[in-house]
Amino acid sequence: MKNEIIEKANKVIANTYSRFPIVIKEGRGCVVEDVDGKKYIDFIAGIAVCNLGHAHPAVRDALSDQAGTLLHVSNLYYTIPQVELATWLVEKSFADRVFFCNSGAEANEAAIKLARKNFTDKGDDNRFRIVTMENSFHGRTMAAMSATGQEKVRAGYEPVLVGFDFVPFNNLEALKKAVKPDVCAVMLEPIQGEGGLVMPEPGFLKEVREICDETGALLIFDEIQTGIGRTGKLFAYEHFGVTPDIMTLAKALGNGMPIGAMLASERAATSFSPGSHASTFGGTPVITAASLATLKVMDNEGIIEQGREAGNYFRNKLLMLKEKHDIIEDVRGIGLLLGIKLSQPGADMVSACMEKGFLINCIQENVLRFAPPLIIKTEEIDALTDCLDEVLGEK
Ligand code: PLP
């Protein structure tokens with residue numbers, strides 16, 4: 001059965017992912033099962049998506065209840081789940097307004113458009129440039145890709161959109177030079193995800209905020225990977241005492257349902273008016289109901305605190321592995337967005353862990369990334385670190 005499905009898939013699905021040769025059939029909590037009945041502890045969770053784990057009953061019930069009540073209606077009308085979700089996000093963040101869409105890339109498109117429109121509204125048509133970071137990742141649509149500071153992501157799609165300048169992450173001097181009077185925004189991930197789990201240096205984000213304040217440029221935080229409790233706080237910016245003007249969310253916001261959101265302060269959001277941006281499915285009732293259910297469980301059951309404690313435990317275990325295995329150069333990340341940088345490529349270790357029943361992934365060739373559900377148990381972390389100990393020992 002497995003081979004048949006894989007063969008079929010390789011004929012009919014666009015060839016944009018190199019997939020592992022397993023077919024996942026179901027999931028519950030932190031465990032997924034393939035069509036052969038083999039179980040895996042999921043330490044990647046849809047890449048930082050399923051924070052409550054798989055098939056969470058609250059999310060399932062919210063989806064089925066809302067699907068039986070009102071699945072979809074146009075944004076020409078108000079709906080209760082959308083308003084409730086926006087209210088929750090506004091109450092829990094710096095933001096005053098929320099624009100809903102369907103993915104991370106779309107949320108970043110909205111952020112880029114809003115930043116530009118803030119200045120064209122004032123008649124400042126030449127202030128459209130956006131400074132982003134080298135090694136950043138903002139998505140695959142044309143503008144989000146143009147904002148992405150990785151050659152390999154943009155290759156083959158040139159000419160990309162004009163107006164994006166890149167500076168090295170953590171380099172304030174380069175940033176100061178780049179933020180010229182024609183720059184409308186600085187856009188960055190507070191912790192770089194796909195770029196290899198790179199933390200900001202102490203004080204860096206505060207200085208970025210100051211540069212924006214001095215020049216009038218807007219500050220956009222892409223929290224698509226770091227948001228919704230992944231780093232041990234609801235939003236990563238809370239670790240650094242810095243608030244952006246615009247923030248983008250997706251991934252864990254719907255615990256697996258496709259949703260993106262762009263949050264903005266009133267001052268920044270004011271440039272969007274009826275007709276200036278839109279999305280047919282953005283904030284559709286069934287998805288916003290699932291998202292709201294996710295966030296309520298996180299709130300009511302102390303899931304972020306649980307994830308933070310699990311993250312500290314996990315990080316210590318990884319540090320212990322580093323003591324033992326020279327191949328580990330660095331232990332990175334915060335909360336349950338963790339990684340180990342290896343002195344050699346990590347792809348075969350991902351496969352070896354999969355053989356032994358663990359899903360992890362590898363970014364930038366040599367960083368093994370771990371982003372399990374926030375409900376991961378210490379026994380499950382122990383099982384993975386024992387497996388890593390064995391796999392690294394064979395190197
Ligand atoms: N921004 C960041 C920081 C991401 O990590 C990702 C996805 O990995 C995206 C944007 C793109 O999100 P999506 O794949 O939902 O378009």
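Buried means under 20% relative accessible area, exposed means over 50%, and partly exposed lies in between, with a 1.4 Å probe and protein chains only. The model is predicted: local features need pLDDT of at least 70, side-chain atom pairs count only at pLDDT 80 or more, and totals for chains, interfaces and linings use all residues. Residues are numbered from 1 along each chain as its sequence is written, and side-chain values use heavy atoms, with hydrogens and water left out.

**View A. Salt bridge between Glu26 and Lys25.** A salt bridge is a side-chain nitrogen of Lys or Arg within 4 Å of a carboxyl oxygen of Asp or Glu. The structure holds 18 salt bridges. In the pair shown, the closest N and O atoms of Glu26 and Lys25 are 3.4 Å apart. Glu26 has a relative accessible area of 38% and is therefore partly exposed; Lys25, at 46%, is partly exposed. Side chains of opposite charge can pair when their charged atoms come close.

**View B. Salt bridge between Glu173 and Lys176 in helix H8.** Helices (H or I, at least four residues) and strands (E, at least two) are DSSP runs, numbered from the N terminus. Helix H8 covers residues 172-178 and holds both partners, which are 3 residues apart, about one turn of the helix. The closest N and O atoms of Glu173 and Lys176 are 3.7 Å apart. Lys176 is partly exposed because its relative accessibility is 43%.

**View C. Salt bridge between Glu390 and Lys356.** The closest N and O atoms of this pair are 3.0 Å apart. Glu390 lies in helix H15 (residues 378-393) and Lys356 in the loop between helix H14 (347-355) and strand S13 (358-359), so the pair ties together parts that are 34 residues apart in sequence. Glu390 counts as partly exposed at 44% relative accessibility, and Lys356 is partly exposed at 36%.

**View D. Network of Arg209, Asp213, Asp245 and Arg267.** Salt bridges that share partners join these residues into one network.

**View E. Surroundings of the ligand.** A residue is near a molecule or strand if one of its heavy atoms lies within 4 Å of it. The ligand is surrounded by 13 residues, of which the closest are Gly104, Ala105, Asp222, Gln225 and Lys251. By class, this shell has 3 nonpolar, 6 polar and 4 charged residues (Ala, Val, Leu, Ile, Met, Phe, Trp, Tyr, Cys and Pro count as nonpolar, Asp, Glu, Lys and Arg as charged, and the others, Gly among them, as polar). Helix H5 (residues 104-120) gives the largest share of the shell, 3 residues.

**View F. Contacts between ligand oxygen and protein.** A polar contact is a pair of N or O atoms within 3.5 Å; within protein, one must be able to donate a hydrogen and the other to accept it, and residues adjacent in sequence count only if both atoms are side-chain atoms. A polar backbone atom of Gly104 is 2.8 Å from an oxygen atom of the ligand. For Gln225, an N or O atom in the side chain is 2.8 Å from a ligand oxygen atom. A polar side-chain atom of Lys251 lies 3.3 Å from an oxygen atom of the ligand. On its own, the ligand has 400 Å² of accessible area, of which the protein covers 80% (Shrake-Rupley method with a 1.4 Å probe; for residues, only the protein chains shown count as cover).
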